[in-house]
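Take a moment to look over the structure below. Then follow the text through it, one part at a time.

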Amino acid sequence: MVVLHRMATSISLFASSIPLSKPKFFPKPFIFLHSSPLDTFISGTRNSVNKTRVYKNNRKFCTISAVATDLTETSSNESKENIEIENNPVQKVVLPTNDSSEKLLRIRHTCAHVMAMAVQKLFPKAKVTIGPWIDNGFYYDFDMEPLTDRDLKRIKKEMDRIISRNLPLVREEIDRDEAQKRIMNINEPYKMEILEGIKEEPITIYHIGNEWWDLCAGPHVDTTGKINKKAIELESVAGAYWRGDEKRAMLQRIYGTAWETEEQLKAYLHFKEEAKRRDHRRIGQDLDLFSIQDDAGGGLVFWHPKGAIVRHIIEDLWKSLHIQRGYDLLYTPHVAKADLWKISGHLDFYKESMYDQMEVEDEQYQLRPMNCPYHILVYKRTRHSYREFPIRVAELGTVYRYELSGSLHGLFRVRGFTQDDAHIFCLEDQIKDEIRGVLDLTEEILLRFGFDKYEVNLSTRPEKSVGGDDVWEKATAALKDALDRKGWDYQIDEGGGAFYGPKIDLKIEDALGRNWQCSTVQASYLLLVFMTIQNFYFNLPERFDITYVDSNSEKQRPIMIHRAVLGSLERFFGVLIEHYAGDFPLWLSPIQARLLPVTDTQLEYCNEVVKRLKSSNIRAEVCHGERLPKLIRNAEKQKIPLMAVVGPKEVETQSLTVRSRFAGELGNMSIDDFMTRIMSFSDDKKF
């Protein structure tokens, strides 16, 4: 079970919650206390700070003695919510999952049937398709006219009536001919297609009373009365192609959530609101970080100046750590001859995710979907000796992959993105150390960004694969050994590997307890280690005939390890935005300090200070032209970590009166002291 703690909208206190993707195992209950990067700006220690009290005062506009104008103490809504944290103790609400509670799974499955029954009562012409349980509830797809929010309310009322009648759910076994006959009698063509796909017999159906039935293997609750109607909510309607095929009918998919108790539903809805508040698409627009513009096309990301600064910081850190770890950096083209993708096998295995070819001087070229062939070409350009290994190359390479417009989602699913790919060419006896090195580097990078909770899976050989048993065994053993030496707990995902090799898949947990990965989007997220021996990974070493000269002066095939730590920079940035709700730590914030002159008389001094800050690589700016309370409010909305108010006294004493977005008033300090403290926090990557 996962514990969800009720939380205010302040970023100081977050809680674990149900993951959005189905977990392999369940995280332990915890309270995530997100400490501010500036709550210790003055003292430099964390232990002496009362976090609740700091956050209680973090949104007030208090009187500042150094300024010429008086400011009344007015609290924002966020301040009131923060005060409530202190007055109301945190309530723990246990949220079960489908895996931890069979009762919940049965409730959700039955809710899907009850909803389908309700829909057909209200809309007799609606045709039913499928209705499974999912991580947070259930859904059902219908072939019918588009639904409105008003329709959802009617459907929910009808569901309540069905639940109140306490109708029994009865399982019945019939033969295929009888099932076909019954489906034809009620004219449900989609059910007939589903029946054709069922190979087992007998065919099972579930009845709700004597009024409605569906093809189903179960399980369900005994009666509709076992469902708490106050613990159910219909959430939304979306379009969905039948069988996921864009050439088939567009259906109406109704999503619902269901829980065992009303308290659980309220806790889930609170979590959902918090997730909505953190939506990177909204925050990205509010803070002017990025955009996706219709004039250019869907899934193509425009990094605005502030977002580009954050990306620059991410890339600089990534490059620095890779160079320290012995990687050589590469830059390679965005297009290549189509023949290259034939050699690599991408045109055989990945063509549907690639864009159409373009003709250049009677030759076919193609945008790259991956960086791997380019790195192999760099390796292949010279003859290599075994003494050179390991050879590590890395690139922040932009790739392009075709995605249907309906599947695009902010920064999480795009058509062009930059992937932090790396390839390690090594000898067989170096495999274990190299993989361990990848795990260490991954941990170091993720910790720098505040992620310290992981879920690790080792995915093994699937039914359809290439390569001999001995090669798969060596590769899998090497991955296991690296994980065991690292001391990480991990789960075995039997048969979950790629057809070309086993993999380690690492998911990170964000401030809301959600697990993030890209395996269903861009191949993987945060860590993918592919062992490539001879014919692994599209047989690349063999396909490209890459070799080295061993100690006996004979040509041998090297081992190739492919890995990506952050995955897509776009997706990782989206996760960072939601993890911090846009309140980036000081070292990562696009604007670290904003100077606010009380009047334009202090503007020249502010500009001089900003120039001095920028010369020390402190990201600062001046904002003026409004009354001071509004300047402060605007800085709060823009989530600027530090504000320096400048009045006549500050100009006279060559100082600044500093205010922290998180810790409130920090008092008057010299410019040198202000700069020193910012640089100290930035250098230490403090959160």
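The paragraphs below treat a sheet with its helices, then aromatic rings, then charges over rings.

Keep in mind that this is a predicted model. Begin with the sheet. It is open and has five strands, in the order E32-E31-E33-E34-E35. The pairing in this sheet is mixed. Which strands form the edges? They are strand E32, residues 620-622, and strand E35, residues 664-670. Each of these two pairs on one side only. Neighbouring strands of the sheet are turned by 25° against each other on average, with direction ignored.

Now look at one pair of strands. Strand E34 covers residues 655-660. E34 and E35 pair in the antiparallel sense, over six bridges.

Helix H18 spans residues 628-637. It touches strand E31 (593-597), strand E33 (642-646) and E34. The direction of H18 makes about 170° with that of E31. Helix H20 spans residues 671-683. It touches E31, E33, E34 and E35. The direction of H20 makes about 120° with that of E35.

Turn to the aromatic rings. A pair of such rings is described by the distance of the centres and the angle of the planes. How many aromatic pairs does a search of the whole structure find? The search finds 16. One of the pairs is Tyr140 with Phe142. Their centres are 5.0 Å apart, with 25° between the planes, and the pair is stacked. Are Tyr140 and Phe142 buried or exposed? Both are buried.

Why is the pair of Tyr379 and Phe425 called stacked? The ring centres lie 4.4 Å apart, and the planes meet at 20°. Planes under 30 degrees apart count as stacked, so this pair is stacked. Now place the two residues along the chain. Tyr379 lies in helix H12, residues 372-380, and Phe425 in strand E22, residues 416-426. The pair therefore ties together parts that are 46 residues apart in sequence. Both Tyr379 and Phe425 are buried. These two residues also belong to a cluster. Ring pairs link Tyr379, Phe389, Phe425 and Tyr548 in it.

Finally, look for charges over rings. Arg253 lies over the face of Tyr139, at 4.0 Å from the ring centre. Elsewhere, the charged end of Arg368 sits over the ring of Tyr374. Here the distance to the ring centre is 5.0 Å.

Note on methods: Residues are numbered from 1 along each chain as its sequence is written. This is a predicted model: local features need pLDDT of at least 70, side-chain atom pairs count only at pLDDT 80 or more; totals for chains, interfaces and linings use all residues. Side-chain values use heavy atoms; hydrogens and water are left out. Two strands pair if DSSP finds at least two bridges between them. Helices (H or I, at least four residues) and strands (E, at least two) are DSSP runs, numbered from the N terminus. Axes are lines fitted to C-alpha atoms, for helices over the stretch in contact, and angles run from 0 to 180 degrees between N-to-C directions. Contact means heavy atoms within 4.5 Å. Rings of Phe, Tyr and Trp (its six-membered ring) pair if their centres lie within 6.5 Å; planes under 30 degrees apart count as stacked, over 60 as edge-to-face and the rest as tilted. Buried means under 20% relative accessible area, exposed over 50%, partly exposed in between (1.4 Å probe, protein chains only). A charge sits over a ring if NZ of Lys or CZ of Arg is within 6 Å of the ring centre and within 35 degrees of the ring normal.
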